[in-house]
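Open the model in your viewer and keep the sequence panel beside it. We will go stop by stop, selecting residues as we move.

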Amino acid sequence: MAGHKHKKQFGQNFLNNPKVIHQIVASIRPKPEDHMVEIGPGEAALTEPLLDVVRKMDIIEIDSDLIGPLTRRFSSNPAFNLHHTDALAFDYATLLDEDEEILRVVGNLPYNISSPLLFHLLDYAEHIRDMHFMLQKEVVDRITAQPGVKAYGRLSVMLQYACETEYLFTVGPENFTPPPKVDSAIVRLVPYRTKPFVADDEKLFADLVKQAFSQKRKTLRNTLKGWLDAEQIESCGVEPSARAESLTVEQFVGLANLYASLHNQG
C-alpha cells in the first residue's frame, strides 16, 4: 500500500521480493476449494496471489490504516472477507461455514506476538488443516528443534505435540520493507488428526512442560519437585538427573499422564 507508514507496535515488515512471494505461495499450494485465513496481510503481498485461487479468504488485520486500502483493492472479489480485529483475541471457529470443518491459515506474523498467537491457534487445531507462517528464524528454529539442541524448549514440545512441524526455508532481511534486523523463515505446521502421543489432561501436560522448562539448567528432580519424585520420574524411563531439553514429546506425555493418574487417585 503506497504511502503506508510501517508501525513498530504491530511489528510491520512487509515482503517486497516477488521471487520470495512466489516461493511462499508455491509452498502453500492453494487450491480452488480452499477456505484460507490470512493473519496480518500488510501490503497484500500474499493476499493477492492467494485470493486469485481460493474460494474464500478471511483477512485478519488490526491496523486501522490498512483497512481502507485493503477494502478498496479487494472488496469487489466475492472471496474476500476482511475482519478489523486483533488476531490474538479472535475466535477462528466463527469463520467456519455450517457444512465446513477445516481452514488453512497463513501469515507473516509480527515477531512480538508470534508465540502467543501460535498457542492461541492451537485452541482451534481441530478446525485447521495446515498453517504456513513467516516468523523470526529463531522462532522457527525453536518450533522445529529436536531434543538435546539448545533451541529446544517449551515452544518445541507444545507445537510438536499438536502438529507436524517443518522448516521450509530462510528469508533474509533484504526481502522486506523496512528490513528487520534478523533473518526470517517459513514454517509449515500440520495439526495432527490423531496425535501420536496423547496426554490424558492437556492443560496439566502444558503446565508440567512449562514447569520443567522454568529453570532450564536444573534437573527434572529439582524442577518437578512437588510434582513427581525421582522414583516416579524414573518409572517413566526418564533419568531424574536429566534436564528438560533432553526429553522427547513422548516422555513429557508419559510424565504428565503419570502425574494425572496419581492426582486422580489422590
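Which residue forms a salt bridge with Lys 195? Select Glu 202: the closest N and O atoms of this pair are 3.4 Å apart. A salt bridge here is a side-chain nitrogen of Lys or Arg within 4 Å of a carboxyl oxygen of Asp or Glu. Lys 195 is partly exposed, with a relative accessible area of 26%. Glu 202 is partly exposed too, at 40% relative accessibility. On this scale, buried means under 20% relative accessible area, exposed means over 50%, and partly exposed lies in between (1.4 Å probe, protein chains only).

Before moving on, note what you are looking at. This is a predicted model, in which local features need pLDDT of at least 70 and side-chain atom pairs count only at pLDDT 80 or more, while totals for chains, interfaces and linings use all residues. Residues are numbered from 1 along each chain as its sequence is written, and side-chain values use heavy atoms, with hydrogens and water left out.

**Stop 1**

Select Lys 203 and Asp 207. They form a salt bridge, with the closest N and O atoms 2.9 Å apart. Both sit in helix H7 (residues 202–212), four residues apart, so about one helical turn separates them. Helices (H or I, at least four residues) and strands (E, at least two) are DSSP runs, numbered from the N terminus. Lys 203 is exposed at 58% relative accessibility. Asp 207 is partly exposed at 31%.

Now select Arg 188 and Glu 166. Their side chains meet in a salt bridge (3.0 Å, N to O). Arg 188 belongs to strand E9 and Glu 166 to strand E7, so the pair ties together parts that are 22 residues apart in sequence. Arg 188 counts as buried, at 13% relative accessibility. Glu 166 counts as partly exposed, at 38%.

Next, pick Asp 34, Arg 104, Arg 129 and Asp 130. A network of salt bridges links them. The whole structure holds eleven salt bridges.

**Stop 2: strand E3**

Select residues 56–61. Is strand E3 buried or exposed? Six of its six residues are buried, so E3 is largely enclosed by the rest of the structure. In a regular strand the side chains alternate between the two faces of the sheet. Color Lys 56, Asp 58 and Ile 60 for one side of E3, then Met 57, Ile 59 and Glu 61 for the other; all are buried.

E2 and E3 run parallel, joined by five bridges. Two strands count as paired if DSSP finds at least two bridges between them. Find His 35: its bridge partner in E3 is Lys 56.

Ile 60 has His 83 as its bridge partner in E4. Glu 61 stands opposite His 84.

Show helix H3 (residues 64–74) as well. E3, H3 and E4 make a right-handed β-α-β unit. Right-handed means that, with the strands pointing away from the viewer, the path from the first strand over the helix to the second runs clockwise.

**Stop 3: the largest nonpolar core**

Which residues touch the most other members of the largest nonpolar core? Select Ile 39, Tyr 92, Phe 133, Leu 135, Ile 143 and Leu 189, out of 30 residues. E2, strand E5 (103–108), helix H4 (114–122) and strand E6 (128–136) are among the elements that each supply at least two residues of this core. A nonpolar core is a set of buried Ala, Val, Leu, Ile, Met, Phe, Trp, Tyr and Cys residues joined through side-chain atoms within 4.5 Å.

Center on Leu 135. Leaving aside neighbours within four places in sequence, its contacts include Leu 109, Tyr 111, Leu 118, Val 140, Ile 143 and Val 187. Contact means heavy atoms within 4.5 Å. At 3% relative accessibility, Ser 114 counts as buried. Ser 114 touches Leu 135 and Val 139, not counting residues up to four places away in sequence.

**Stop 4: helix H5**

Finish with residues 137–144, helix H5. Its buried residues are Val 139, Val 140, Ile 143 and Thr 144. Show what covers them: H4, E6, helix H6, E7 and E9 are included.
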